[in-house]
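Have the viewer open while you read.

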Amino acid sequence: MTMREDWERIEEQILAPWATKAKASAGRACLESPCPLRTIYQRDRDRIIHSKAFRRLKHKTQVFINPQGDHFRTRLTHTLEVAQIARTIARALSLNEDLTEAIALGHDLGHTPFGHAGERALAAILGSFSHNRQGLRLVDFIEREGRGLNLSAEVRDGILHHSKEVLPQTLEGMVVRISDRIAYVNHDIDDALRAGLISPASLPSAAACLGRKHSGRIDSLVQDVVKESVGRPYVRMSAQANRDLHELRDYLFAMVYFRPQARAEEERLCSMIKRMYAYYLEHMDELPSEYHTEDVKLAVADYIAGMTDTFALTEYLRLFED
């Protein structure tokens, strides 16, 4: 018996009946010989960590574009915070931690430079664009010089459905979906306080209900999810915790995400992305080989979506302001 088979046997013994077991995975689009050491989800996690897209997250915007301070979140630190919260919840609910971690580490791989501003710019150009679908394109077709990562069906589903209307098919995917909201709402408040955009006194009443400190609010929400979901074949928050989280999220939209300065900055960045997009359509030879497909419009979108903030800014200056 291999170490992988030992892990699969242990999962059957200790995980909840409704947890997703590695041995029961729907598998990969391209068949591969199983690893003797790692389960399919452990292997997926490692492929994501070693991908170029994962490394690029360290220079992609969370909220503040190319921030000057060392302590502001990036898309990478956000991803790690989501993974930490998600693993805590998955462990408490006896769900599959390896699957949960793989989905969490991969959930934002498809994010554009400049955060949601970049996403909206590409949506305006193409008519439709989302970082969820882009993340799936990246792991399926772009990584490893166009060969893709060949991830399991369950991890791919979690990446595609970590936000928006359609729910993931696994409870582990639901854990990541909830953990993503818990993480970004709370750390965006923390970063906005650090930047001086808001003050502790201006926070809505929901903040005090959940906890006066960043760590306390996260702990309250995590414990709420566990209390509502333990021993049950679903993952959810209580109605009150959900209302509190929505109140904080609405506050962030009004005071941080959609403040006048942010809107003006978004218009400038959208203009930059549109100009670069038009340039690359006429200069396809400048794109790396993995982005050369028959659909040139999609190829250019793939290339721009993969850029970091710093590379996009540098490339814009090279193309138009040298």
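Which are the buried residues of H5? Keep in mind that this is a predicted model.

1. **Helix H5.** The buried residues are Glu97, Asp98, Leu99, Thr100, Glu101, Ala102, Ile103, Ala104, Leu105 and Gly106. In other words, 10 of the 10 residues in H5 (residues 97–106) are buried, and the helix is mostly covered. As for what does the covering, the buried residues of H5 pack against H1, H2 (40–49), H3 (52–56), H4, H8 (153–160) and H9.

2. **The core.** The largest nonpolar core has 89 residues, and the members that touch the most others are Val155, Val235, Tyr280 and Ile304. Helix H9 (residues 171–195) gives this core its largest share, with 11 residues. As general background, nonpolar side chains tend to be buried together in soluble globular proteins.

3. **Val155 up close.** Setting aside residues up to four places away in sequence, Val155 touches Tyr41, Asp44, Ile48, Leu99, Ala102 and Ile103.

4. **Ala86 and its contacts.** Ala86 sits in helix H4 (residues 75–92). Its relative accessible area is 0%, so Ala86 is buried. Apart from neighbours within four places in sequence, Ala86 is in contact with Thr100, Val175, Val176 and Ser179. Take Val176: 90 residues separate Ala86 from Val176 in sequence, yet their C-alpha atoms are 5.5 Å apart in space.

5. Met3, Trp7, Ile10, Ile14 and Leu37 make a nonpolar surface patch of about 490 Å². Ile10, one of these, belongs to helix H1 (residues 3–14). With a relative accessible area of 30%, Ile10 counts as partly exposed.

6. **Cysteines.** How many disulfides does a search of the whole structure find? The search returns zero. Cys35 is a case in point: the closest cysteine sulfur, in Cys30, is 18 Å from the sulfur of Cys35, which is too far for a bond. The cut-off for a disulfide is 2.5 Å between the sulfur atoms. Cys35 is buried, at 8% relative accessibility, whereas Cys209 is exposed, with a relative accessible area of 58%.

7. **Two backbone angles to look at.** Most residues other than glycine have a negative phi. Phe114 is not a glycine, but has a positive phi of about 65 degrees. Phe114 lies in the loop between H5 and helix H6 (115–126), and is buried at 2% relative accessibility. Arg144 also has a positive phi, of about 55 degrees, without being a glycine. Arg144 is in helix H7 (residues 131–146), and at 30% relative accessibility Arg144 is partly exposed.

8. **Salt bridges.** The whole structure has 28 salt bridges. Side chains of opposite charge can pair when their charged atoms come close. Here are some pairs to check.
   - Asp191 and Arg73 form a salt bridge, with the closest N and O atoms 3.0 Å apart. This pair links distant parts of the chain, since Asp191 is in helix H9 and Arg73 is in the loop between H3 and H4, 118 residues apart. Asp191 and Arg73 are both buried.
   - Glu32 pairs with Arg28, and the closest N and O atoms are 3.8 Å apart. Glu32 is partly exposed, at 31% relative accessibility, while Arg28 is buried, at 13%.
   - Arg236 pairs with Glu228, and here the closest N and O atoms are 3.7 Å apart. Arg236 is partly exposed at 42% relative accessibility; Glu228 is partly exposed too, with a relative accessible area of 22%.

9. **The charged network.** Which residues do salt bridges that share partners join into one network? The members are Arg38, Arg45, Asp46, Arg87, Arg91, Glu97, Asp98 and Glu101.

Key
Residues are numbered from 1 along each chain as its sequence is written. This is a predicted model: local features need pLDDT of at least 70, side-chain atom pairs count only at pLDDT 80 or more; totals for chains, interfaces and linings use all residues. Side-chain values use heavy atoms; hydrogens and water are left out. A nonpolar core is a set of buried Ala, Val, Leu, Ile, Met, Phe, Trp, Tyr and Cys residues joined through side-chain atoms within 4.5 Å. Buried means under 20% relative accessible area, exposed over 50%, partly exposed in between (1.4 Å probe, protein chains only). Helices (H or I, at least four residues) and strands (E, at least two) are DSSP runs, numbered from the N terminus. Contact means heavy atoms within 4.5 Å. Patches are made of residues with over 30% relative accessible area and no salt bridge: like charges are joined within 9 Å, nonpolar side chains (Val, Leu, Ile, Met, Phe, Trp, Tyr) within 5 Å. Accessible areas come from the Shrake-Rupley method with a 1.4 Å probe; for residues, only the protein chains shown count as cover. A salt bridge is a side-chain nitrogen of Lys or Arg within 4 Å of a carboxyl oxygen of Asp or Glu.
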